[in-house]
Amino acid sequence: MGLFITFEGADGCGKTTQIELLDKYLKDKGYETLLTREPGARGLGVKLREILLNYDGDVSPNCESFLFLADRAQHVDCIIKPAKKEGKIILCDRHTDSTVAYQGYGRGLDLKRINYLNDIATSGMKPDLTIVFDIDAETSMQRVGKEKDRMESAGIDFFNKVRQGYLEIAASEPNRVKVISSSDTIENIHKKVVALVENLL
Ligand code: TYD
């Protein structure tokens, strides 16, 4: 019944390009897909995204986590679960591992607590496959450029913690989480993504 695939990685890792290529590949093969994202897929989520990425006052790490989690709960209940029931392949740009990597490893919040809260927000639903696109700080900074949103402005130490977080998540759940290096051509990376997904079809 459906498939749930999440795309993860630090800012500038190229996952949005890759998720769009995979969506096209699957559609061309006749699969019904849902391309979606966190934060802010649609409706209420769009408002939460606006606050999360653009609010320019103080935001406490706990508050930030709860806003991402609120967006996730709404997204899972109103968009992901219904699509999964319809048998669609859901391609989601960021999900639970972003909160572990950014708020857990990046901001330093307790990982057990974040896992517990993620579990509540998703009612325990886990991705069938998660692809982490691994990128180094220098390449990321070049790609993101000067126009940074609130999260992208957090600096290089924060970036390195997030990157390390993703690698640790992948090491602790090797069956679900696969890492692809972003320092390759778009076409080669796409081929690696397709190979991982074809294993599940
Ligand atoms: P977005 O513009 O979607 O970035 P990207 O194209 O890199 O995915 O912005 C999402 C930002 O929010 C990104 O910097 C990661 C961050 N984020 C968290 O910190 N925690 C989360 O749980 C999620 C979903 C995203």
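## The largest cavity

A cavity is a set of grid points where a 1.4 Å probe fits but cannot get out, and its lining residues have an atom within 4 Å of a point. In this predicted model, the lining of the largest cavity is made up of 13 residues, among which D11, M141, M151, E152 and F159 lie nearest the centre. Helix 6 (137-144) and helix 7 (156-172) are the elements that give two or more residues to this lining.

The volume of the largest cavity is about 110 Å³, and the residues of its lining comprise eight nonpolar, two polar and three charged. The count of cavities of 30 Å³ or more comes to three.

## The second largest cavity

The second largest cavity holds about 40 Å³ of space, and the residues that line it are A41, R42, G45, D71, Q74, H75 and I79. Helix 3 (residues 61-85) gives the most to it, with four residues.

## The nonpolar cores

Within the largest nonpolar core, which has 37 residues, the ones with the most contacts inside the core are I5, F7, L22, Y102, I131, F133 and V193. Helix 7 gives the most to this core, contributing six residues, and helix 7 is also among the elements that give two or more residues to the lining of the largest cavity.

When neighbours within four places in sequence are left aside, I131 is in contact with T6, F7, E8, K178, I180, V193 and L196.

How values were computed:
Residues are numbered from 1 along each chain as its sequence is written. This is a predicted model: local features need pLDDT of at least 70, side-chain atom pairs count only at pLDDT 80 or more; totals for chains, interfaces and linings use all residues. Side-chain values use heavy atoms; hydrogens and water are left out. On a 1 Å grid over the protein atoms alone, a cavity is a set of points where a 1.4 Å probe fits but cannot get out, and a pocket is an open set with protein on both sides within 12 Å along at least five of seven lines; lining residues have an atom within 4 Å of a point. Grid points are joined across faces, edges and corners, and a volume is the space filled by probe spheres set on the points. Ala, Val, Leu, Ile, Met, Phe, Trp, Tyr, Cys and Pro count as nonpolar, Asp, Glu, Lys and Arg as charged, and the others, Gly among them, as polar. A nonpolar core is a set of buried Ala, Val, Leu, Ile, Met, Phe, Trp, Tyr and Cys residues joined through side-chain atoms within 4.5 Å. Buried means under 20% relative accessible area, exposed over 50%, partly exposed in between (1.4 Å probe, protein chains only). Contact means heavy atoms within 4.5 Å.
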